[in-house]
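Please open the model in the viewer and keep the sequence beside it.

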Amino acid sequence: MLFLFTFVCVSSSIHLRGKINQKVIQPIFAFLKQGMTPHKLSLALSLGFCFGLFPVIGVTTLFCLVAAFLLKVNLAAIQLVNYLIYPLQIITILPLMKLGSYLVNVNPVPYSIEELIERMSSNFWETLEVIWLATLLGILAWAVIIIPISAIVYFVLRLVFNRLAKTGN
């Protein structure tokens, strides 16, 4: 039984690794092979990362579209990373709101989830105000941390892509 479990786990891992290679790694290398410079590819991927972590659901695609147009980088490359880190965006929304609350020393949501749901049915607009303040605090925290993080991502990717471009892989 243990052998069967190990076999299933290993084969699943190999299958997943193959899918990641096929759907993520190969398209990124294809951008380099198609003539995209390491600078532009690094910029596109780091922008996708940066905007993909924005703590408001539904606006990241628009941000990526505008950034691709203004900075003349590949939209597909930005969107690839934007879509890949969507689960990370969901996971980081509440911590960013808490960090924003800490930065300005405010508790924007003094209610539990159950209380918020109850308040939504009784006083919808007031509850929206509370949630809106928490969202603004999340955006503030995102703005504080995203610039250094994106710069690190950009320079690391640029280093990697410069080496890959030199070796021809």
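Two residues are in contact when heavy atoms of theirs lie within 4.5 Å. The model shown here is predicted. Among contacts in the protein chain between residues at least 6 apart in sequence, those joining residues at least 24 apart account for 73%.

**The whole chain.** Begin with a cartoon view of the protein chain, which has seven helices and zero strands. Of the 169 residues in the chain, 33% are buried.

Next, select L41 and W142, the two that touch the most other members of the largest nonpolar core, a set of 29 residues. Then colour α1 (2-33), α2 (38-52), α3, α4 (75-84) and α7 (124-167), the elements that each give two or more residues to this core. Among these, α2 makes the greatest contribution, with eight residues. In soluble globular proteins, nonpolar side chains tend to be buried together.

**The surface.** Now switch to a surface view. The protein chain exposes about 11100 Å², of which carbon and sulfur atoms supply 73%. Select L62, L65, V66, F69, L70, L71 and L75 to display a nonpolar patch with about 680 Å² of accessible area together. Helix α3 (residues 60-71) gives the most to this patch, with six residues.

**A last stop.** Centre the view on L65, in helix α3.

Conventions. Residues are numbered from 1 along each chain as its sequence is written. This is a predicted model: local features need pLDDT of at least 70, side-chain atom pairs count only at pLDDT 80 or more; totals for chains, interfaces and linings use all residues. Side-chain values use heavy atoms; hydrogens and water are left out. Helices (H or I, at least four residues) and strands (E, at least two) are DSSP runs, numbered from the N terminus. Buried means under 20% relative accessible area, exposed over 50%, partly exposed in between (1.4 Å probe, protein chains only). Accessible areas come from the Shrake-Rupley method with a 1.4 Å probe; for residues, only the protein chains shown count as cover. Patches are made of residues with over 30% relative accessible area and no salt bridge: like charges are joined within 9 Å, nonpolar side chains (Val, Leu, Ile, Met, Phe, Trp, Tyr) within 5 Å. A salt bridge is a side-chain nitrogen of Lys or Arg within 4 Å of a carboxyl oxygen of Asp or Glu. A nonpolar core is a set of buried Ala, Val, Leu, Ile, Met, Phe, Trp, Tyr and Cys residues joined through side-chain atoms within 4.5 Å.
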